[in-house]
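Subject: Structure handover

Hello,

Here is the structure I said I would pass on. My notes on it follow below.

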Amino acid sequence: MRDQATDKQWLRTAARFTFGNTASRIYLGLVLTVAAFVAVDTLFVPHEDASFAGVWLFFMAAPTVFAFLLGSSLASPDAGVPAWFVHLALVLSVLVQAWALGWFSQLLRGPRTGRSAHPQGV
């Protein structure tokens with residue numbers, strides 16, 4: 001049986017990797033900007049033909065969104081992918097990639113020891 005403190009620590013670490021660093025915040029900000037552009041283009045701009053603005057969201061969520069969609073099509077090859085699953089796959093893939101960016105930036109920075117580089121205060 002797992003300890004609640006361990007679960008909270010794991011959740012806190014995952015949230016820090018996903019939302020608590022500069023690289024993830026920049027990525028999530030770009031995704032929100034593109035999502036706002038797609039929403040405005042879809043709702044308020046008249047088009048004679050189809051708009052490809054939504055493709056930019058898939059570019060921002062690639063490659064993990066394609067793994068989710070491929071998994072869905074392999075699980076149910078005869079049925080089409082419902083719209084709710086596409087939206088869920090986009091959100092999950094963006095969160096997975098933000099977590100991966102946070103983890104990778106932590107890996108590059110190295111572990112934080114809490115000690116200063118100048119112990120004498122110089």
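After helix α5 comes G110, whose phi is positive, near 90°. This is a predicted model, in which local features need pLDDT of at least 70 and side-chain atom pairs count only at pLDDT 80 or more, while totals for chains, interfaces and linings use all residues. Residues are numbered from 1 along each chain as its sequence is written, and side-chain values use heavy atoms, with hydrogens and water left out.

Helices here are DSSP runs (H or I, at least four residues), as strands are (E, at least two), numbered from the N terminus. Among the buried residues of α5 are F85, L90, V94 and Q106; buried means under 20% relative accessible area, exposed over 50%, and partly exposed in between (1.4 Å probe, protein chains only).

The structure holds 5 aromatic pairs. Rings of Phe, Tyr and Trp (its six-membered ring) pair if their centres lie within 6.5 Å; planes under 30 degrees apart count as stacked, over 60 as edge-to-face and the rest as tilted. The F17 and W99 rings have centres 6.0 Å apart and planes at 70°, so this pair is edge-to-face. Because F17 lies in helix α1 (residues 4–19) and W99 in helix α5 (residues 83–109), the pair ties together parts that are 82 residues apart in sequence. F17 is buried, at 11% relative accessible area, and W99 is partly exposed, at 35%.

W99 also pairs with W103, and this pair is stacked, at 6.5 Å centre to centre and 15° between the planes. Both residues lie in α5, 4 residues apart, about one turn of the helix. W103 is partly exposed, at 40% relative accessibility. F17, W99 and W103 form one aromatic cluster.

F17 also takes part in the contact (heavy atoms within 4.5 Å) of α1 with α2, made by F17, T18 and F19 of α1 and S24, R25 and L28 of α2.

Regards
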